[in-house]
Amino acid sequence: SADGSSSLVRAFEADGTPAPQMDPYSPYGAFAGGTSVARGEFKGVNGNSNMVLNDEIITAAGKGGAPHVRVVQRAATGKTLNTIGSFLAYSAAYTGGVAVTSCNPDGGNDEIVTVPAHNGGPLVRSFNLNGTAKRSGFYAYNQAFTNGIHVVCGGTMSRFFGIAPASAHKAFTSQSVKPSGLSAAKVAAS
């Protein structure tokens, strides 16, 4: 959802029709600051190490809310959604909104990747489902940059982050957690 709208999350089929297997839901109740949404895949949830769970939905609260990340999974039967992950990606005092994506750089479970969406420094963080840091965070740009950034993940095995303020784009590999082909000094100056 966009800033100023509800935090209602809806699932759609490729043709634009509502997905029959999931009812719309509000991950943050009546919060109206919008929600960043991503899809993830996490194995071994709820004690079953052989289970591959598809269609987990990752959300992060938008501007005005706490930096709350929540992961839900549809129950085996029916349309019930169960929360399987919930944590704060940044200090509770940060209310600029969080953009979220997921990546799978090492063939295990997806990592939840977050960035401050508005009025925050460009700190890229990566988490396990339980909210523990998967790897060290890094600043995509000069730490003084506070206009907010957005993040996507893609490439072979979802190895690369795309980080963008406004209209500029940079590529990062989550394995090295450093900008590809650029030194930190060059990124800070760009």
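In which strand is the place of S36? The close-ups below, all taken from a predicted model, start with that residue.

**View 1. S36 and its surroundings.** S36 has its place in strand β1. With a relative accessibility of 17%, S36 counts as buried, because buried means under 20%. Look for its neighbours: leaving aside residues up to four places away in sequence, S36 touches I58, T59, A60, V98, A99 and V100.

**View 2. The largest nonpolar core.** Here you can find a core of 16 residues, the largest nonpolar one. I58, V69, V71 and I112 are those with the most contacts inside it. The elements that give two or more residues to this core are β1 (35-43), β2 (52-61), β3 (68-74), β4 (81-88) and β5 (98-103). There is also a second, separate core of 11 residues, including A99, V113, A140 and Y141.

**View 3. A closer look at V69.** Not counting residues up to four places away in sequence, V69 touches Y28, I58, T59, A60, G85, S86, F87, A89, I112 and T114. Among them, I58 and I112 are listed with V69 for the most contacts inside the largest nonpolar core.

**View 4. N119 in a loop.** Now follow the chain to the loop between β6 (111-116) and β7 (123-127), where N119 is found. Its relative accessible area is 56%, so N119 is exposed. N119 is not a glycine, and yet its phi is positive, at about 55°. Most residues other than glycine have a negative phi.

Methods: Residues numbered from 1 in each chain as written. Predicted model: local features only at pLDDT ≥ 70, side-chain atom pairs only at ≥ 80, totals over all residues. Heavy atoms only, no water. Core = buried A, V, L, I, M, F, W, Y, C linked by side-chain atoms within 4.5 Å. Buried < 20%, exposed > 50% of the residue type's maximum accessible area, 1.4 Å probe, protein only. Helix = DSSP H or I, 4+ residues; strand = E, 2+ residues; numbered from the N terminus. Contact = heavy atoms within 4.5 Å.
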